[in-house]
Amino acid sequence: VKGWLWVLVVAFLAGIFWWGMQRNPKELPSVLAKERRPAPDFTLPLLPPYRAAWGETFRLGDYLGKRPIVLNFWASWCYPACYEEAPVLEGRLGGKAQGPGCSSWGGENTQGQGARRAPAVHRPSFGPPPSPQVFGTPEGRGGGWTTGM
Amino acid sequence: MTPALLGNLSVALALAFSLLGLALALLAYLQGDRRFLKGAKALAPLTLLSALAAFVALEWALLTHDFSLAYVARNHSLQDPLWVTLVTPWAALEGSILLWGLLQTLYTFVASRKPLDPWRASLVLAVLFGVQVFFFGVMATIASPFQTLPNPPADGTGPNPLLQNHWMMAVHPVLMYLGFVGLSVPYAYAVAAMVTRRYQSWVEETRWWALIAWGFLTAGKVAGMWWSYEVLGWGGYWAWDPVENASFVPWLLATAFLHTAIVQQTRGAFKAWNFAFVTLAFSATLLGTFLTRSGVIQSVHAFAEGPVGPAFLGFFLLATALGLGLLSRVSREVRDVAVFHPFSREGALLLGAFFFSGWALVVLLGTFYPLLVEAFAGAKVSVGAPFFNQVSAPIGAGILLLMGVGPLLPWRRPRKEVFRNLYLLLAALALGTLLGLLRGYTLGASLAVGLFLYNTLAVALLFAEGVRARRLAGLSPWSFLENRRRVGSLVVHFAVALMALAIAFSQTYRLEAEKTLYKGQAWEVAGVRMAFQGVRALDEGRRFAVEALLRTDRFGEVRPRLHFYPQMNSPLPSPKVIYTPGNDYYFLLMDFDREKGEWASVRLIVTPMVFWMWVAGVLMALGTLYILWPASRPEAAREVSPA
């Protein structure tokens with residue numbers, strides 16, 4: 001039996017890697033949407049152009065439970081695509097957001113090692129897959145997500 | 001003659017020569033006819049020349065901007081500077097396979113010149129030609145660097161900007177490949193030894209090869225860390241990325257082999273371990289390549305997924321199956337019967353090998369854990385740096401402990417005078433740790449100080465012992481330097497201790513600060529006072545650069561940059577790193593006011609001792625070079641016993 005152990009090892013490796021090649025590692029189902037978990041709270045400093053309207057920092061908790069929230073994550077290097085996309089997304093959401101209690105703003109999140117960046121208002125996201133737009137309920141439960149424009 | 005024609009012809013020739021060489025080498029073994037072996041040996045320089053011609057063809061195409069080649073069209077542009085053009089052959093998949101194949105033919109050629117009995121020589125050549133058949137087969141079929149385009153563009157996009165952003169990228173891949181390919185020779189020798197059932201001499205014969213491969217792997221890894229530090233813009237040098245791990249594993253196994261090989265050479269033990277380490281080290285290099293080429297695991301290093309994934313998987317499985325299958329066949333004959341005293345040189349070396357291979361296993365498990373979980377539980381998980389750091393710290397500390405005491409222990413069983421040294425070492429360890437704690441360092445950093453002191457003292461003791469032994473024998477004390485293996489390994493051991501200290505401090509005491517500065521605004525942080533004086537844009541042809549002008553009190557004007565490449569929709573940071581012996585000051589431009597240039601977001605990362613990591617890397621390479629220096633072989637391979 002022991003002499004055949006190496007065959008098992010090789011066969012196992014063959015199986016797992018072959019299976020691994022058949023799938024797309026870039027496909028990431030949204031954890032928030034699947035488990036309906038509340039969005040984690042955060043406080044981040046705002047970029048200069050938005051301080052007049054929103055103050056020095058932005059805390060998600062202050063807005064939870066009041067109205068539907070659109071959080072928009074994107075990376076700080078996403079220029080000019082994210083900047084240019086902003087009016088498009090705002091137009092889409094903004095039209096519906098005329099009713100009571102709707103607002104939208106952008107946040108951003110770099111992909112790098114722990115590099116969290118300041119959120120900015122009205123600058124929605126565009127970019128490669130891990131820069132999702134998350135849609136949620138007033139309690140901050142994830143409703144769904146989409147990537148790109 | 002066009003580059004495409006020359007390239008395709010050369011690849012086809014190299015493949016044909018390799019196939020013929022494989023056939024002749026196998027015939028030489030099966031028939032016992034030396035004429036076949038002679039023929040196989042004669043083919044080695046021919047494959048080398050063919051591969052060289054193919055490589056020259058690719059450089060030719062790049063230098064003459066021959067965009068009719070798909071590889072050139074995809075990875076080259078008219079605006080590339082000369083050095084970028086010259087290193088573009090390893091900017092993408094097909095070219096890097098060509099480089100790999102070229103280096104393999106070089107190693108095969110050198111290996112074919114080494115004197116060896118005809119049985120094993122033919123098997124060694126068969127394995128090496130077999131490896132070449134794989135690489136040139138891949139190049140001739142699914143990943144040809146010389147594929148032509150029906151409608152060539154007038155200009156291309158240029159290579160991946162990450163490659164152009166730092167000159168280290170010209171060095172790092174070549175060093176890695178030299179290391180990877182170097183491991184194929186010990187593997188071939190191991191296979192030959194297991195087939196012919198001559199278990200002893202191959203270790204002595206391949207130690208040189210293993211050391212060369214190890215030296216290149218070490219240099220390649222340090223170069224990669226440097227590149228990562230200066231290009232990726234996060235101020236770190238190691239992220240436990242799957243591909244970093246996949247190249248760390250062969251390094252660990254090669255290190256284990258270098259140490260257990262000493263025991264087999266001196267005492268004839270650990271035969272099975274040596275076979276296993278060499279087989280696994282070689283197949284781990286193929287596994288790493290499979291990872292980068294197949295998209296099995298997501299990684300920053302991953303090339304675009306192509307058809308080469310299954311080919312590399314098959315070759316990896318074949319190499320592993322061949323090594324492990326042969327080992328299981330001869331396992332009864334290579335089993336160790338002797339029991340080792342744990343407090344002897346061989347005991348320490350075996351324990352060290354366990355640490356290295358255990359580390360390799362843990363890193364592999366962490367890397368593939370997401371794949372395993374997804375396969376069996378269907379869930380997506382990720383294993384991050386915290387896991388790897390947590391398991392690596394104790395293993396690394398164990399290795400550092402063994403590294404100090406191991407070389408001081410005599411073979412077989414401890415002698416009395418060893419204990420005096422041991423007490424000295426333990427005192428150094430305790431003293432260093434205590435000093436660290438008194439200075440207010442964390443426990444981990446203090447232990448690192450203790451271990452550094454402990455290892456430095458151990459190296460000093462060994463040096464003194466060697467010099468004293470020479471003097472007692474009536475020789476000049478300087479003649480100890482002629483024991484290149486001993487002296488070189490002491491230098492490497494000291495460098496490892498230094499590297500460990502630098503890693504411990506840079507990981508523990510990293511300081512990061514970020515601020516958005518308006519024009520004229522000053523900011524004082526981490527002992528540096530800087531004033532933001534505005535941004536400047538520069539059109540550099542192939543890229544567009546934006547630099548922030550920061551006037552600092554300590555380093556004059558510092559200009560961190562962002563590079564915008566036309567083929568990338570996101571800028572690449574080009575941080576300004578100021579190395580000092582104490583701390584590294586890493587200035588990073590994060591963002592800036594695109595409309596008026598009124599403000600810029602700047603990050604400063606202050607990391608202690610990173611400078612010493614590069615020093616340690618250079619010392620490791622120098623120590624290895626000292627051992628390998630031709631004048632020392634083979635006399636200096638023998639040790640002068642201090643007793």
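Visitor: What percentage of the 149 residues in chain A is buried?

Guide: Buried residues make up 36% of chain A. Buried means under 20% relative accessible area, exposed means over 50%, and partly exposed lies in between (1.4 Å probe, protein chains only). This is a predicted model, where local features need pLDDT of at least 70, side-chain atom pairs count only at pLDDT 80 or more, and totals for chains, interfaces and linings use all residues. Residues are numbered from 1 along each chain as its sequence is written, chains are lettered from A and ligands numbered from 1 in the order in which they are written, and side-chain values use heavy atoms, with hydrogens and water left out.

Visitor: Why is Asp117(B) called buried?

Guide: Its relative accessibility is 18%. The limit for buried is under 20%, so Asp117(B) counts as buried.

Visitor: What makes Arg198(B) and Asp117(B) a salt bridge?

Guide: Their closest N and O atoms are 3.4 Å apart. A salt bridge needs a side-chain nitrogen of Lys or Arg within 4 Å of a carboxyl oxygen of Asp or Glu, so the pair qualifies. The bridge links distant parts of the chain, 81 residues apart. Arg198(B) sits in the loop between α9 and α10 of chain B, and Asp117(B) in the loop between α5 and α6. Arg198(B) is partly exposed, at 39%.

Visitor: How many salt bridges does the structure hold over all chains?

Guide: There are 20. One of them joins Arg559(B) and Glu547(B), with closest N and O atoms 3.3 Å apart. Arg559(B) lies in the loop between β5 and β6 of chain B and Glu547(B) in strand β4, so the pair ties together parts twelve residues apart in sequence.

Visitor: Is Glu547(B) buried or exposed?

Guide: Glu547(B) is buried, because its relative accessibility is 4%. Arg559(B) is partly exposed, at 36%. Both belong to one network of salt bridges that share partners. Its other members include Arg536(B), Glu540(B) and Arg543(B).

Visitor: What makes a space in the structure a cavity?

Guide: On a 1 Å grid over the protein atoms alone, a cavity is a set of points where a 1.4 Å probe fits but cannot get out. Lining residues have an atom within 4 Å of a point. A search of the whole structure finds four cavities of 30 Å³ or more. Grid points are joined across faces, edges and corners, and a volume is the space filled by probe spheres set on the points.

Visitor: Which residues line the second largest cavity?

Guide: Among them are Leu400(B), Phe452(B), Asn455(B) and Leu501(B). Helix α17(B) gives the largest share, four residues. By class, the lining has seven nonpolar, one polar and no charged residues.

Visitor: What makes up the nonpolar surface patch of about 770 Å²?

Guide: Its residues include Leu431(B), Leu435(B) and Leu453(B). Patch residues have over 30% relative accessible area and no salt bridge, and nonpolar side chains (Val, Leu, Ile, Met, Phe, Trp, Tyr) are joined within 5 Å. Leu435(B) has 47%, so it is partly exposed and clears the 30% limit. Helix α16(B) gives the largest share of the patch, five residues.

Definitions and conventions: On a 1 Å grid over the protein atoms alone, a cavity is a set of points where a 1.4 Å probe fits but cannot get out, and a pocket is an open set with protein on both sides within 12 Å along at least five of seven lines; lining residues have an atom within 4 Å of a point. Helices (H or I, at least four residues) and strands (E, at least two) are DSSP runs, numbered from the N terminus. Ala, Val, Leu, Ile, Met, Phe, Trp, Tyr, Cys and Pro count as nonpolar, Asp, Glu, Lys and Arg as charged, and the others, Gly among them, as polar. Patches are made of residues with over 30% relative accessible area and no salt bridge: like charges are joined within 9 Å, nonpolar side chains (Val, Leu, Ile, Met, Phe, Trp, Tyr) within 5 Å. Accessible areas come from the Shrake-Rupley method with a 1.4 Å probe; for residues, only the protein chains shown count as cover.
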